[in-house]
Amino acid sequence: MQKVIITVVGKDYVGIMAKVCTYLADNKININDISQTIVSGYFNMMMIADPAQSPLSFDKIEKDLEELGENIGVRIKMQREEIFAMMHRI
Amino acid sequence: MIHISEVYETNEMIEKENLDVRTITMGISLFDCIDSELYKTCDMVYEKICRKASKLVETGERISKEYGIPVVNKRIAVTPIATVGSSACKDSDDYIKLAKTLDRAAESVGVNLIGGYSAIVSKGMTPKEEMFIDSIPEALAVTTRLCSSVNVGSTRTGINMDAVRKMGQIILDTAKRSYGTDSLGSAKLVVFCNAPDDNPFMAGAFNGITEGDAVINVGVSGPGVVKYALEKVRGESFEVLCETIKKTAFKITRVGQLVAKEAAAALDVPFGIVDLSLAPTPAVGDSVADILKEIGLEQPGAPGTTAALALLNDQVKKGGVMASSYVGGLSGAFIPVSEDQGMIDAVNAGALSLEKLEAMTCVCSVGLDMIAIPGDTPASTISGIIADEMAIGMINQKTTAVRLIPAIGMKVGDTLNFGGLFGKAPVMPVNGFSCEEFVSRSGRIPAPIHSFKN
């Protein structure tokens with residue numbers, strides 16, 4: 001599976017990052033890069049991740065992350081990296 | 001490495017500015033389904049469409065999920081049916097059987113529209129093609145997913161005025177035949193000049209005779225994205241305005257290119273083209289009219305509208321061509337009335353007339369699109385409107401089209417409501433002076449002098 005971009009958007013509080021990273025580590029999804037900003041109290045985080053070693057399918061990871069987001073009150077989205085590379089790189 | 005701001009920008013476009021892939025359209029050749037027995041032709045047509053497009057919808061949905069971008073429509077375009085049925089069909093009723101077969105196949109594979117109930121009669125009509133055209137009103141009334149188009153002229157052949165005259169009556173008959181559904185049949189019938197073989201957008205999509213066995217063509221959209229980008233450059237020079245449109249068009253088209261390649265690979269069908277059109281929908285914030293307003297017009301239709309649209313159309317093309325390896329189809333800004341809330345508002349405000357829309361079609365893709373006219377408009381007047389629009393296409397070497405909806409039993413000021421993608425159309429006034437004698441002449445308008453390029 002190709003690299004994916006995971007975005008997390010929601011109200012900032014302690015432990016958002018830990019919970020997302022724990023899920024990724026438990027499922028053998030490697031994190032290549034993380035950036036994060038806080039805009040008006042809202043947490044904006046982006047990860048470039050590599051699920052190549054993960055036994056889970058894209059669909060399963062995407063669904064799990066969405067559920068995790070609902071549980072901790074943030075919105076988590078996973079997309080294949082190419083859409084961003086195509087749009088912003090010549 | 002992708003930057004967080006780029007991710008944010010892309011997702012804003014998708015979530016707030018209505019960026020989407022409007023359609024993945026699979027073109028399917030039906031030449032190998034031609035037979036002299038109608039039941040055999042129907043069986044082969046059904047089987048081939050179901051076989052080729054069996055994974056079209058699920059592939060579109062998978063791509064949508066993985067990239068996080070809506071793929072709004074999955075559709076099919078087939079070889080013009082007038083040709084496919086010419087051996088098997090002995091009368092108009094036989095063509096109706098083919099229409100029902102197409103509708104059934106479309107339902108079976110789960111696409112919402114299928115195009116190609118079409119005839120290419122730019123220079124002349126065979127008796128079978130006349131028979132086919134006669135079947136259109138009934139075909140569109142007894143099917144739900146079928147779309148029809150007739151190409152009646154081209155720069156190379158001139159305009160087939162016999163076909164133009166016939167289509168005036170057919171449009172009227174189609175509206176009458178689908179009276180119970182607000183004349184929805186006419187919303188699925190397009191008359192073309194210089195129709196492209198690879199257009200992925202309905203209702204005018206068909207798989208042209210120049211195409212291979214199957215092909216994937218993709219139509220992107222994103223009027224909202226352009227509108228939001230222009231909000232940030234209010235009051236700036238034309239240079240800044242044009243650069244902003246170009247850059248935005250580039251980004252939109254890149255997404256189309258990505259999706260087209262991905263879909264073609266997944267379906268094991270060659271990639272054809274990306275149609276880099278700005279196609280509005282009735283949704284708020286998905287309007288070409290709003291872009292024109294953002295450029296500086298109080299309402300579309302105001303003086304300056306044609307220039308603003310010309311500028312927009314040109315910059316969309318300039319930005320888009322570099323983003324895709326193959327562009328085609330209609331590629332430009334669409335200006336349908338019923339499918340664009342801003343256009344509807346402009347008509348209701350008295351800013352936009354049929355004549356101004358005609359002028360606008362000289363500088364953008366397609367033509368007089370999704371316009372409701374009074375139900376008592378004579379067929380000859382509809383033919384006259386078609387002839388004008390075809391002349392614009394023929395002389396300017398561009399595609400033009402007419403999709404008029406005679407609102408049966410309605411008058412100016414009333415509104416047709418199709419619902420969904422087709423939107424709603426305020427009935428617009430039509431010039432009441434007659435062109436009966438003009439369109440009653442037989443034969444064709446010769447090809448223009450600049451078509452002789454050999």
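The centres of domain 1 of chain B and domain 2 of chain B, taken over C-alpha atoms, are separated by 22 Å. This is a predicted model, in which local features need pLDDT of at least 70, side-chain atom pairs count only at pLDDT 80 or more, and totals for chains, interfaces and linings use all residues. Residues are numbered from 1 along each chain as its sequence is written, while chains are lettered from A and ligands numbered from 1 in the order in which they are written.

**Domains**
- Chain B is assigned domain 1 (22-193) and domain 2 (221-447), with bounds from an automatic or database domain assignment.
- In domain 1 of chain B, 43 residues are in contact with 45 residues of domain 2 of chain B (C-beta atoms, placed from the backbone, within 7 Å).
- On the side of domain 1 of chain B that touches domain 2 of chain B, α7(B) provides the largest share, 11 residues.

**Strand β6**
- β6(B) covers residues 189-193, and five of its five residues are buried (20 or more other C-beta atoms, placed from the backbone, within 10 Å of a residue's own).
- Helices (H or I, at least four residues) and strands (E, at least two) are DSSP runs, numbered from the N terminus.
- Leu189(B), Val191(B) and Cys193(B) point one way from β6(B), and Val190(B) and Phe192(B) point the other way.

**Pairing of β6**
- β4(B) (residues 146-154) runs parallel to β6(B), joined by five bridges; strands pair if DSSP finds at least two bridges between them.
- Gly153(B) stands opposite Cys193(B).
- β10(B) (residues 400-407) pairs with β6(B) in the antiparallel sense over three bridges, and Val402(B) stands opposite Val191(B).

Methods:
Buried ≥ 20, exposed ≤ 12 C-beta atoms within 10 Å, placed from the backbone. Contact = placed C-beta atoms within 7 Å.
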